[in-house]
Amino acid sequence: ILNINSGSTVSSEGAMIGAESGSTGSVVVNDAMWTCNSSMVIGVAGSAELEIANGGAVSTQVGTIVGFLGAEGMVTVNNSTWDAGSLTLGSSGSGTLSINNGGHVTSSEGVLGSDSSATGQVTVDGGVWTNDGRLLVGRFGRGTLLIDNGGEVSNSYGAVGEGMSAYGEVTVRGAGSVWTNTNLCIGGTPDSAGGIGQLTISNGGTVNVTDELVLWYTGTLTVNGGTIRFSAPAPVFNNGGIVNYYSGTVEFDCDLALASSDVSTFFGWSTNITAMKHLSITGEAVLDGLVTLSGGTFSAGSLVNAAMLQFDSGTLNLTDADLSISLDGLFGRTLEVTSLQSIAVTNNATVDPTGLLLINGGAFSASTTINRGEIRMSDAASGSPGLLAGSAVNNEGLLSGNGRISANLHNSPTGLVD
């Protein structure tokens, strides 16, 4: 047992903890610093544990193996830092890493379950794991990664169940929990199928894919209350994999022509956005085919070919463009919002002198709504009132009917409220 405490500094050429079969080794770095100038093995042939706590810092200059030669190794990083070099959790043994309470681990690459007999497990619970290179969750063995409670993991290439004998499982759950990849493969490599790979995004968790997502027939992607975000318009290559999209958000952080994109992977060939599902396009959304909004949410920075939107029910958000209700406006001179519909404009909305906004039991909001034509409000058949909301409503035309206004109403001399 080695305890490095309270501002102490230790330097070593290399390190082996739990070196002999049947041995047990333990190192605690508590508010202190340990620099290993070569490689570190935690659990060589015996069981071993490294705990870094209370602002402690450990640096491994070359690389680290946790769990070697059938041994068990465990590392806990609690409100501390560890620069691990090339990090393998479970080389030919069992390796476990826990990053908690603001702990931060950096590595040049990460491998969980390297050999077929190995097991690697990582839990990032409110901490951060930054990989400069690849992250393999199940290379040939078994790998599991849990990102929870605002934890963050980032890497370039990511794979879940990469090799033929591998089993990989990643769960990203909880608000603020994020896994960021340049490229991501589930159930194989970019070129071929491999082992079993499962990725679950739930309860506010987020997975970012900058370039491509490759899903093989041995892979499963589940989105249940989380967000999967793409930075490219056609990033998904589904080679017979399973997509379980129950609820949550599919976001494209780019301009997007829907018919030539990978929206169908999540919403079907007919692009039907149903209840509890959200399609978000931060840039310009070109509707070059029919899009049906039936109970879900559709968000776009701006819309082209809005006539191809069949808006049965749900929520439509325009996040980066003004809305004009006019003869040459996005929806023409008349826009009706019924009881099962909600339209939200992040910027401003203008009802031109030829325009008519009908709020028949539905909800319409904008930062500022400028009415130079007519806004007519009425209750739904169920009795629920129509809603006009936002920061301000500037009325220069006719505002009439029954409904509720949740905004500062400014009535000009030309305005009439009836």
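This is a predicted model: local features need pLDDT of at least 70, side-chain atom pairs count only at pLDDT 80 or more; totals for chains, interfaces and linings use all residues.
1. Local features here need pLDDT of at least 70, side-chain atom pairs count only at pLDDT 80 or more, and totals for chains, interfaces and linings use all residues. Residues are numbered from 1 along each chain as its sequence is written, and side-chain values use heavy atoms, with hydrogens and water left out.

2. Start with the open sheet of five strands, ordered β35-β38-β40-β42-β44 with parallel pairing. Strands β35 and β44 (416-417) stand at the edges with a single partner strand each, so one side of each has no neighbour in the sheet. Strands are DSSP runs of E, at least two residues, and helices are runs of H or I, at least four, numbered from the N terminus; two strands pair if DSSP finds at least two bridges between them.

3. Now look at β38 (residues 356-360), where four of the five residues are buried (under 20% relative accessible area, 1.4 Å probe, protein chains only). Five bridges join β38 to β35 (residues 334-338), with Thr 334 opposite Leu 356. Five bridges also pair β38 with β40 (residues 374-378), where Leu 357 faces Ile 375.

4. How many aromatic pairs does the structure hold? There are four, counting Phe, Tyr and Trp (its six-membered ring) with ring centres within 6.5 Å; planes under 30 degrees apart are stacked, over 60 edge-to-face and the rest tilted. The rings of Tyr 245 and Phe 266 have centres 6.0 Å apart and planes at 90 degrees, so this pair is edge-to-face. Tyr 245 is buried at 8% relative accessibility.

Methods
Buried means under 20% relative accessible area, exposed over 50%, partly exposed in between (1.4 Å probe, protein chains only).
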